[in-house]
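Welcome, and thanks for taking a look at this one with us. The briefing below walks through charged side-chain pairs and then strand pairing.

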Amino acid sequence: VQLQASGGGLVQAGGSLRLSCAASGRTFSSYVMGWFRQAPGKEREFVAGISWSDHSTYYADSVKGRFAISRDNAKNTVYLQMNSLKPEDTAVYYCAARSGAVSFLPLMALSGRYDYWGQGTLVTVSS
C-alpha cells in the first residue's frame, strides 16, 4: 500500500491550497482516510478525516469552516482544500489510511489507529 501526498507549497496568509493523496496497492472502499500535520517543534495533530464508504467527515476545531476534505473513488484520491490559510497552519501535512468503518467520528482523530502513512508535503503560510 502506498500513499502519495502532493500539493504543498508557499502561500500568503488568506490564500488557498489543495492537497492530494493518491492511494494505491489495494481497494480502499472500507477505509478511513485522514490528514494530519506536524509543525516544527510540535507533535503531529489531526486535521480532517473522511470515510470512503459514506462520505462521513470529521475536522479538528482549528480548521473547521476553513478546510474541506473530499475523495474521488474512481481515482483513489483524497483531497484537502485549505482556504483562509493562517501562518499557524504551516506544517508538514501527512495523509493516512486506516481499515474498517468508524461509527464514532472523533475516532478518526486517533493517529495510532492508522495503518498506512504517506511521506508528507510541506505547507508554508507567510504572514
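**Salt bridges and an open sheet**

D61 is an exposed residue, with a relative accessible area of 66%. Please keep in mind as you read that this is a predicted model. D61 forms a salt bridge with K64, and a search of the whole structure finds four such bridges.

**The D61–K64 pair**

- The closest N and O atoms of D61 and K64 are 3.1 Å apart.
- K64 has a relative accessibility of 49% and counts as partly exposed, because the exposed class begins only over 50%.
- D61, at 66%, is over that cut-off and is therefore classed as exposed.

**The network around R37**

- Salt bridges with shared partners link R37, E45, R66 and D89 into one network.
- Which residue pairs with R37 at an N to O distance of 2.9 Å? That partner is D89, whose side chain meets that of R37 in a salt bridge.
- R37 belongs to strand β4 (residues 31-38), while D89 sits in the loop between β8 (77-82) and β9 (91-99). The pair therefore ties together parts that lie 52 residues apart in sequence.
- Is D89 buried or exposed? D89 is buried, at 0% relative accessibility.
- R37 is also buried, with a relative accessible area of 6%, because buried means under 20%.
- R37 forms a salt bridge with E45 as well, and here the closest N and O atoms are 2.6 Å apart.

**The four-stranded sheet**

- What is the strand order in the open sheet of four strands? The order is β1-β3-β8-β7, and the pairing is antiparallel.
- β1 (2-6) and β7 (67-72) stand at the edges of this sheet. Each has a single partner strand, so one side of each is left without a neighbour in the sheet.
- Neighbouring strands of the sheet are turned against each other by 15 degrees on average, with direction ignored.

**Where β7 meets β8**

- How many bridges join β7 to β8? There are six, and the two strands run antiparallel.
- For a specific spot to look at, R71 has V78 in β8 as its bridge partner.

Methods: Residues are numbered from 1 along each chain as its sequence is written. This is a predicted model: local features need pLDDT of at least 70, side-chain atom pairs count only at pLDDT 80 or more; totals for chains, interfaces and linings use all residues. Side-chain values use heavy atoms; hydrogens and water are left out. Buried means under 20% relative accessible area, exposed over 50%, partly exposed in between (1.4 Å probe, protein chains only). Two strands pair if DSSP finds at least two bridges between them. Axes are lines fitted to C-alpha atoms, for helices over the stretch in contact, and angles run from 0 to 180 degrees between N-to-C directions.
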